Amino acid sequence: MRYLPLTPEDRRDMLAKIGAKSIDDLFTDVPEAARLDGAVDLPARQTELQVERALSKLAAQNTPASSVPFFVGAGAYKHHVPATVDHLIQRSEFLTAYTPYQPEISQGTLQTLFEFQTQVALLTGMDVANASMYDGSTACGEAVLMAARVTKRKKAVLAGSLHPHYAATTRTTAKYMDIDIVSSAPDLGGLSGIADMIDDETACVVIQTPDVFGRLHDLTEISEKAHQHGALVIAVFTEPVSLGLVKSPGEMGADIAVGEGQGIGVGLNFGGPYVGLFACKNDRNFIRNLPGRLAGETVDADGRRGFVLTLSTREQHIRRDKATSNICTNSGLCALAFTIHMTLLGEKGLKTLAQINHETACDLADRLGAIGGVELLTDQFFNEFSLRLPKPAAGVLDRLVAKGVLGGIAASRLYPGEMEDVLIVAATETNSQDDLAAFETALREVL
């Protein structure tokens, strides 16, 4: 028999308690079109060997990122992760470690989180960083909630060049906190109109750099304008390697810096799991409203150095109405991978890696921009840029795949019905000169 812990009477009592007539009432927010009508259409059970064969056939239909020249970015980047990273994170001391509620038996985990926080703070030019979050998009949403708590305001301004997935996550997060989200139109050229949207009711302005189209922005003037109105500046990034070469959010006057850490130590992993980075200025009000948790350094009764959870503001730790976040994990293993890779690189290594990325992207932009009918739209970029093609980008990408090149992301995939001819291209240290030549040749042939 199946184990059914609830009797029909139990279920009736529970439904009556919450005022629902049936279990179906619990799903009224799910559109009818999205609900399954009828039995689940699954094949009959199979042996393990049969399942492996079936899944292998499905997987063989994919074009793996490592099998062809790969130029896809827009929030997830293919970087080389040294074998040392994978070897170390699979050590039992790290792989089996759980949430460090008991510091006396979690010193190794707490110390790695402390080191991670230090690296993120240095990378972003900020004073304080938390022990990571789910990913960059949820970190962005949480930053807006934090800004609303700090400023006691309910309006957030989003730049149109913020990654649309980040914007969508932020809107969903803010909706139930009654925060008004206003956004400028997607802008390939810069940040036009953003400054004019900031007023005395604004809690924060959210700007990504490099933005979703690859363009770099100096936030200094926007920061000054926002601060004049008492608003906070949230700087967003999706490519952490860029911070090895460009101005940090802290240097540009940002109050909060959030982003995706996947580009350092974490593979593409079919889109996850990733690791969110979150840092802010050293302000008591900021720190008390920081989501997630902070690992801190202290000394024990004998004066020996030790590590603890200095601040735990999640609903698991304190009363729900006092919690600043419902983030229930910190992507600890991915954070560890980030820290190990950063430690292996060091400051000099990170700068060198960033320089290689930028030079490779410049080389590719020159090659592709010289093709007839192709226009380079991004004049200031790190390792990602946008092109205008003489044909719809989605169709061009399909033809490039047939020639063995994964050539980027069609902007229309991120903005359905818009920018049909715009292609977003990323290049990293993993792209060889042969890869660049293959892309150039294939694109010339396709166009």
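**View 1. Helices H10 and H13 cross with a right-handed sense.** This is a predicted model, in which local features need pLDDT of at least 70, side-chain atom pairs count only at pLDDT 80 or more, and totals for chains, interfaces and linings use all residues. Residues are numbered from 1 along each chain as its sequence is written, and side-chain values use heavy atoms, without hydrogens and water. The axes of H10 (residues 332–369) and H13 (residues 433–446) come within 10 Å and cross at roughly 25°. H10 is therefore roughly parallel to H13 (angles under 35 degrees). In the contact (heavy atoms within 4.5 Å), H10 contributes Thr-360, Asp-363, Leu-364, Arg-367 and Leu-368, while residues of H13 include Leu-436, Phe-439 and Arg-444. Six residues of this contact are nonpolar, two polar and four charged.

**View 2. The largest cavity has a volume of about 30 Å³.** On a 1 Å grid over the protein atoms alone, a cavity is a set of points where a 1.4 Å probe fits but cannot get out, and lining residues have an atom within 4 Å of a point. The lining consists of Phe-70, Val-72, Lys-78, Ala-426, Thr-428, Thr-430 and Asn-431.

**View 3. The largest pocket has a volume of about 1,200 Å³.** A pocket is an open set of grid points with protein on both sides within 12 Å along at least five of seven lines. Its lining comprises 44 residues, and Val-72, Ala-76, Leu-268, Phe-270 and Gly-271 lie nearest the centre of the pocket. Helix H11 supplies the largest share of this lining, four residues. By class, 22 lining residues are nonpolar, 17 polar and five charged.

Methods:
Axes fitted to C-alpha atoms, helices over the stretch in contact; angles between N-to-C directions. Helix = DSSP H or I, 4+ residues; strand = E, 2+ residues; numbered from the N terminus. Parallel < 35°, antiparallel > 145°, perpendicular 65-115°, else oblique. Left-handed = near helix turned anticlockwise from the far one by under 90°. Nonpolar A, V, L, I, M, F, W, Y, C, P; charged D, E, K, R; others polar. Points joined across faces, edges and corners; volume = space filled by probe spheres on them.
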